[in-house]
Structure formats: structure tokens, C-alpha cells
Amino acid sequence: MRWWLISGLCVTSALLSGCDDTITLNKICTETPGFCEDLNKDSHCKEQRAEVIFARYHEYKAPTDDNRYTLLKNFEKYNECVSLASKIEHIKLKEKTTSRVEGHLTSLKEMTRIYQDTINTEHPGLLYYHWSRRNNRMALNKLLNMQDQENVKSDSEIQLFLATFYAKIDDDKTIDILYRVLELNKAGETPDPEVFASLVSIFYKQQKYKHAYTFARVAQLSGFEDIDILPVEHKLSASGKDLDSLDTLAAKTWEEINSGEFLSPRNF
């Protein structure tokens with residue numbers, strides 16, 4: 001699961017639009033250079049670097065768990081980018097490679113700091129990362145105990161985290177959670193493709209081939225084509241099932257998801 005799907009920042013490359021119209025990247029780097037100087041200096045990972053700088057500024061101004069969570073996510077995205085970029089050897093400008101390594105080391109150090117600062121957190125997202133990144137079982141237990149709280153049930157990102165956990169132990173619970181993610185999808189947004197891929201995989205394993213085919217087609221309609229629909233299509237064709245009716249159902253389902261009006265089809 002890609003856990004960085006939902007960003008808490010209102011960022012452009014130059015201006016923090018919609019959050020604070022007076023704060024720009026240049027202003028932050030001029031007034032608080034420590035937020036910028038220990039990151040890479042070249043043009044690689046430009047967007048991720050900007051998001052980290054804005055997030056560092058907000059955490060500094062208001063060190064809440066929400067802001068720490070946003071900073072942690074942005075540092076992970078930045079680190080993934082800059083650690084790859086740091087392996088690119090510059091023949092003429094060695095200092096560029098060095099600055100990328102520095103950015104990589106900074107992100108590791110800062111992520112460790114956030115983990116340590118939030119060891120006793122009650123924030124659902126941070127609890128998930130304490131478990132998934134540091135194997136903190138106590139954090140997982142805390143999160144599981146919170147799963148019926150409204151702030152958890154209404155957060156599609158946290159629901160995806162829970163689905164990741166339950167996928168290993170309870171298929172039906174996982175389906176319920178993935179349906180909930182689709183219910184939470186807002187009009188005009190596209191869910192994480194892993195939602196559809198997971199539903200197809202589970203339904204295929206359960207031999208619910210009509211369900212598997214329907215969500216494979218929904219995935220394709222959403223623009224996600226990296227899904228193998230042929231095995232389930234062959235299963236249905238061999239048993240004489242009408243694919244046209246399932247195509248119609250898939251189109252209707254995708255329309256509901258895309259318009260933010262999807263309701264869990266528990267009996268379909």
C-alpha cells in the first residue's frame with residue numbers, strides 16, 4: 001500500500017496556497033535557513049524538497065501530532081526520491097552527489113526524531129507507522145482499539161492502513177474496510193488502485209468470480225490497467241456467464257465511486 005496518497009499540505013513550488021498566503025519557500029529559507037541547508041542543493045526532488053521545507057516550518061510553528069504526521073510522510077517521500085538521486089554519479093560536479101547524500105541522511109535523522117517524539121502518540125496515522133516501520137506491537141494494539149472511533153472510520157487513509165493489516169488474517173473484514181474506503185471517496189477523486197487490486201484478489205480467491213470481474217473492470221474504468229482480468233474472464237466464460245451485464249454493473253459502480261455516491265454492495 002502506498003501510504004503517502006493524502007497530503008496535508010497546500011503547497012505549490014513557490015507559494016503555500018490556501019494555508020498562509022504570506023509564506024513562500026524563499027522566505028522560509030531566508031528566515032530559517034536550517035530548514036533548507038541540510039537538504040539537497042540541486043534540482044532533483046524539487047517538489048518533495050519543497051513539501052518538506054513547508055512541513056518543517058509548520059511543525060516548528062505548531063508541533064502537533066497532525067503536523068508531525070505530515071512532516072513524517074513528506075520526509076519519507078523525499079527520502080525515497082533523494083536516496084535514488086544520491087546514487088547518480090556526477091563526473092564534473094561531485095558536490096551535487098554529496099548534497100543528495102546529506103539530504104538522505106537528514107531525512108533519516110529527522111524521521112527518527114519524529115518517531116522518538118511521538119512514542120506515546122494517540123494519532124492513528126502515527127500509530128500505524130510506529131507499527132509498520134518500527135514493529136511496535138503496542139502501537140498496533142492502540143490503533144486496533146480505536147478502529148470504531150468516528151475519526152478513524154471517516155479517514156480513508158487510516159482505513160487503508162487497517163485493510164493492510166486485516167488482509168493477512170480476515171478476508172471478509174478486509175472487504176468491508178475496502179468498501180468503506182470507496183464509500184469515503186470524494187467526487188472527482190480516484191481511489192488508490194490497490195483498493196481494486198485487493199478486492200479482485202480476495203474475490204478470486206473466494207471463487208466469487210462475478211465480483212472479481214466487476215471490480216477488475218471498475219479498476220480499468222478508473223484508469224488502472226495493470227490488472228490481470230483474463231483469468232477471471234476465462235472462469236466466467238467457461239461457465240456461460242454473461243459478461244455484458246457485469247460490464248454494465250461495473251460502469252454503474254465506477255460512476256457511483258467517481259461521483260462520491262458509492263454505497264457498500266454487501267449483497268450484490
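The axes of α11 and helix α12 (residues 230–238) approach within 9 Å and cross at roughly 135°, where axes are lines fitted to C-alpha atoms, for helices over the stretch in contact, and angles run from 0 to 180 degrees between N-to-C directions. The two helices α11 and α12 are therefore oblique to each other (angles under 35 degrees count as roughly parallel, over 145 as roughly antiparallel, 65 to 115 as roughly perpendicular and the rest as oblique). Helices are DSSP runs (H or I, at least four residues), numbered from the N terminus.

The model is predicted; local features need pLDDT of at least 70, side-chain atom pairs count only at pLDDT 80 or more, and totals for chains, interfaces and linings use all residues. Residues are numbered from 1 along each chain as its sequence is written, and side-chain values use heavy atoms, with hydrogens and water left out.

Most residues other than glycine have a negative phi. Cysteine 45, in the loop between α1 (25–31) and α2 (46–61), has a positive phi near 55°. Cysteine 45 counts as buried, at 7% relative accessibility (buried means under 20% relative accessible area, exposed over 50%, partly exposed in between, with a 1.4 Å probe and protein chains only). Glutamine 207 is placed in the loop between α10 (193–205) and α11 (209–221), and its phi is also positive, at about 65°. With a relative accessible area of 58%, glutamine 207 is exposed.

Leucine 105 belongs to helix α4 (residues 94–117) and is exposed, its relative accessible area being 51%.
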